[in-house]
Amino acid sequence: MATETSPAVTVTQMPTFTEATLDPGVPPGPIEEKWEKHKFNMKLVNPANKRKFTILVLGTGLAGASAAASLGELGYNVKSFCFQDSPRRAHSIAAQGGINAAKNYRNDGDSVFRLFYDTIKGGDYRAREANVYRLAQISTNIIDQCVAQGVPFAREYGGLLDTRSFGGAQVSRTFYARGQTGQQLLLGAYQALSRQIAAKTVEMHPRTEMLDLVVIDGRARGVVIRDLITGKIETYVGDAVVMATGGYSNVYYLSTNAKGCNASAIWRAYKKGAYLANPCFTQIHPTCIPVAGESQSKLTLMSESLRNDGRIWVPRKADDKRNPNDIPEGERNYYLEERYPAFGNLVPRDVASRAAKAVVDSGYGVGELKNGVYLDFSTAIKRLGEHVIKDRYGNLFDMYANITGEDPYKVPMRIYPALHYTMGGLWVDYNLMSSIPGLFVLGEANFSDHGANRLGASALMQGLSDGYFVLPYTMGNYLAQATLGKVTTDDPAFKEAQYTVDDQVKRFLAIKGTRTVDSFHRELGKLMWDDCGMGRTAESLQHALTKIPQLRAEFWANVNVPGGGNDLNQELEKAGRVADFFELAELICLDALHRNESCGGHFREEFQTPDGEALRDDENYAYVAAWQYAGAGVSPILNKEPLKFDYVKLSQRSYK
Ligand SMILES: Cc1cc2nc3c(=O)[nH]c(=O)nc-3n(C[C@H](O)[C@H](O)[C@H](O)COP(=O)(O)OP(=O)(O)OC[C@H]3O[C@@H](n4cnc5c(N)ncnc54)[C@H](O)[C@@H]3O)c2cc1C
């Protein structure tokens, strides 16, 4: 499976690809009515027939848990899989800052249209209008649903739900539960899932990893699963498969994601025919604790919500070694407030990250390694009092103090951008179905709603919208119309997929090389960060595309996977994931190389405005690039979904 070591293209010249056009199946009519009308026009499965269908749901984060619980409640027969020991430990639990919704409780000018507009603009006009509008419409239902489940959103003194602001918006539409919004939302989804487990509509399989997708007669009909405790490789048949397996930031090794997050599910689906869209659209979050040393394996996010009250600055003098509290106001450069007066510290993530990189690269970085900028709460503490700041962000401040040994109530935090989220993912149509009929993709695993840059607090919104409110309709529509023949695990397609997985396990164990999996992963991550990180050039991408296959060849010849295949073996798990990261990394770089423009998180240094902002090329690149696997060592096929903007005018993004 994951063994090719030849480069996908010859990189001495700009690659050319076979091209095709993709239709996302957006229903006709005015944008405000599309979803309502589509819901009515969709085919239904009657209640007695629902239990005859088996749906395999991979992932129990917000997207997967909400989908499995909703499908179970509808009466489908659901099997749910996750690699953690409990569904409630999915990575969504880490989400800190909040979830957006166009409730306009503040009466500050918010609306469904404004959330739609902000999201399209924030994504630098590289998202599909119809999906984003639906997301904004559904956002209000999500809050009602979660409140009904008992999610303890923060409330104001009078008892109303409180909101705060996130980047890229001038309204206050982010609902939150202190700095642990993801955890509280996941507990809500998990309790809904648990109810279905008890009702036996959902069969839960924790500690299992999906390692291949089975496609029969062109439709997704099953999966190959490895039991992580016993090592047993099993196959499951389904009438449809739902992939909600999260993002792939960990291809960069250092990221804010949980160490377990990986790309294997989507990558293996890609190799079975699912298109992978915009893989180079990766998000670098501006407010993370800076890297502290060479042996670090994880980065920690300081939530974007902190930018509500924290002010970002660097000393005006380069290499200023003074204690930040001794630097007078006049000698501080509040560079975001100065450069972007309209949005100030709340500019979107891509803009804030690039600005931080620019000041650090110019020698103004702070901290021992001079690799950070200050996030300072002293003004807010003076204005509101320490207790208010503690109420709002107490757990984040504690986390920062525990990691750095510095007290952020007394000295400014030090922050720097880090890999955080991936807007790219498996391509889906309006119904959230991939290019393989019967394979639906939800949450961060799909490419859908965020274009080239996701706005803060919009991932939780999207995952829950997909799982609670979109899939339950579109799945029924698919099952009601698909003619699905009877399939068993004796089918040669299952046998072949099972064999491939088993064979890969054996090969890893047989290599017995001298380097650890982590050492390869770290080297790959550094290469990706240097060559395809916050800034990319044709030259750096070509460098990466030459180096990755060499490193991958060494990996397959010299990796050391200790232990065996019949019990818990985390090195073996990691080896499979890193093998897939190698191949995905190459596609990310290819995608970045082919897109000769800058947009959102994809900043090609050759394409920038005179004042250093991302310079789009709408004439040539206003499309989704959905890559289709064409075989080992062969250039993938480029399927283009043209992006049309009928409701938001394409313009140069400005936050000034
Ligand atoms: C530190 C941090 C803070 C964040 N804060 C916010 C925030 O405040 N607001 C916001 O909107 N967004 C936030 N985000 C982003 C957001 O948390 C994620 O995008 C979102 O939670 C992803 O949810 P998901 O359901 O798609 O995937 P995940 O929660 O990542 O779940 C993936 C699931 O898939 C399973 N899985 C994966 N691969 C396999 C496989 N091969 N076989 C079986 N199971 C598999 C896993 O076990 C897991 O259950 C934050 C992200 C980070 C890293």
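In which helix does Leu-590 lie? Leu-590 is found in helix 16, where helices (H or I, at least four residues) and strands (E, at least two) are DSSP runs numbered from the N terminus. The structure is a predicted model, in which local features need pLDDT of at least 70 and side-chain atom pairs count only at pLDDT 80 or more, whereas totals for chains, interfaces and linings use all residues. Residues are numbered from 1 along each chain as its sequence is written.

Leu-590 counts as buried, because it has 26 C-beta neighbours inside 10 Å; a residue is buried if 20 or more other C-beta atoms lie within 10 Å of its own, exposed if 12 or fewer, and partly exposed in between, with C-beta atoms placed from the backbone. Although Leu-590 and Gln-542 are 48 residues apart along the chain, their C-alpha atoms are separated by 8.6 Å. Helix 16 also holds Glu-586, which counts as buried with 21 C-beta neighbours inside 10 Å. The C-alpha atom of Glu-586 is separated by 39 Å from that of Asp-398, a residue 188 residues apart from it along the chain.

When neighbours within four places in sequence are left aside, Leu-439 is in contact with Leu-213, Ala-220, Val-241, Met-243, Ala-269, Ala-274, Met-433 and Ser-434, two residues being in contact if their C-beta atoms, placed from the backbone, lie within 7 Å.

The domain assignment of the protein gives domain 1 (285-419) and domain 2 (502-619), with bounds that come from an automatic or database domain assignment. Between the C-alpha centres of domain 1 and domain 2 there is a distance of 29 Å, and the contact takes five residues from domain 1 and four residues from domain 2. On the side of domain 1 that touches domain 2, helix 9 (residues 349-364) gives the most, with four residues. By class, that side has one nonpolar, one polar and three charged residues, where Ala, Val, Leu, Ile, Met, Phe, Trp, Tyr, Cys and Pro count as nonpolar, Asp, Glu, Lys and Arg as charged, and the others, Gly among them, as polar.

Two helix pairs were also examined. The axes of helix 5 (residues 129-149) and helix 12 (residues 459-481) come within 9 Å and cross at roughly 80°, which makes helix 5 roughly perpendicular to helix 12. Here axes are lines fitted to C-alpha atoms, for helices over the stretch in contact, and angles run from 0 to 180 degrees between N-to-C directions; angles under 35 degrees count as roughly parallel, over 145 as roughly antiparallel, 65 to 115 as roughly perpendicular and the rest as oblique. Helix 5 contributes Leu-135, Ile-138, Ser-139, Asn-141, Ile-142 and Gln-145 to the contact, and helix 12 contributes Met-461, Gln-462, Leu-464, Ser-465, Tyr-468 and Phe-469. Seven of the residues in this contact of helix 5 with helix 12 are nonpolar, five are polar and none is charged.

Helix 14 (residues 517-532) and helix 15 (residues 538-558) have axes 9 Å apart and pack at an angle of about 175°, and they are therefore roughly antiparallel to each other. The residues of helix 14 that meet helix 15 include Phe-520, Leu-524 and Leu-527, and among those of helix 15 are Leu-541, Ala-544 and Ile-548. The contact of helix 14 with helix 15 has ten nonpolar, two polar and three charged residues.

Several loop residues complete the description. Asp-319 has a phi near 55°, a positive value in a residue other than glycine; this residue is placed in the loop between strand 14 (311-315) and strand 15 (332-333), and Asp-319 is exposed, with 10 other C-beta atoms within 10 Å. Lys-370 lies in the loop between helix 9 and strand 16 (373-376) and is partly exposed, with 15 other C-beta atoms within 10 Å.
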